Amino acid sequence: MMGKQDRQLKMIIIDIGQLVPEGHLLKKIEKLIDFDFIYKESSAYYSQTGRNSIDPVLLVKILLIGYLYGIKSERRLEQEINMNIAYRYFCGLDFDKNAPDHSTFSQNRRRRFKDASIFREIFNRILVQLVEKGLVTGKNVVSDGTFIPANVAWSNRYETTKEIERSSISYLEELD
């Protein structure tokens, strides 16, 4: 007998985290990185009165997804977060919630944090934690011909986080 899909509406209770494989990068990041420091770091940029804003952790996580997966358009980033279950899980968005409009997080980044380095500091602090936890190596570097000191002897190696800082800054500049 030929089967046919049932289009009946159903109510289903789903744990979105069960749909994301254990080895997924975003699931590892969610388990190892504590994003709560963002509330303290960004509290000076928010009013104590008025309507609640979009969660600053959500804004940072959205841009982190864009950075990690090479999504260089905020419009595209919004679409991807709405479609991808792993991205939704990482951002804490259930199926009944959509990602913030692309203009919301771009205007926050451009207006609220324009003259402050806080956004880049938060972004870089997360990237450094990812390197320390071993989730991101920070070893893939793209050079534009700038002088980079090279040490042949292992005992004389030169360690720096400039590659991470530069790549995160260039990502934020590309979004502008």
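Begin with helix α3, residues 56-68: its 13 residues reach 18 Å from the first C-alpha to the last, close to the 18 Å expected at 1.5 Å a residue (that is, 1.5 Å times one less than the number of residues). Helices here are DSSP runs of H or I with at least four residues, numbered from the N terminus. This is a predicted model, in which local features need pLDDT of at least 70, side-chain atom pairs count only at pLDDT 80 or more, and totals for chains, interfaces and linings use all residues. Residues are numbered from 1 along each chain as its sequence is written, and side-chain values use heavy atoms, leaving out hydrogens and water.

Eleven of the 13 residues of α3 are buried (under 20% relative accessible area, with exposed over 50% and partly exposed in between, using a 1.4 Å probe and protein chains only). At the start of α3, a side-chain oxygen of Asp 55 comes to within 2.9 Å of the backbone nitrogen of Val 57. After the helix comes Gly 70, with a positive phi near 65°.

Now look at the salt bridges, of which the structure holds five; each puts a side-chain nitrogen of Lys or Arg within 4 Å of a carboxyl oxygen of Asp or Glu. One of them joins Arg 125 and Glu 41 at 3.4 Å, N to O. This pair links distant parts of the chain, 84 residues apart, with Arg 125 in helix α7 and Glu 41 in helix α2. Another pairs Glu 80 with Arg 76 at 2.6 Å. These two are separated by about one helical turn, because they sit four residues apart in helix α4.

Definitions and conventions:
Polar contact = N/O pair within 3.5 Å; in protein donor to acceptor, adjacent residues only side chain to side chain.
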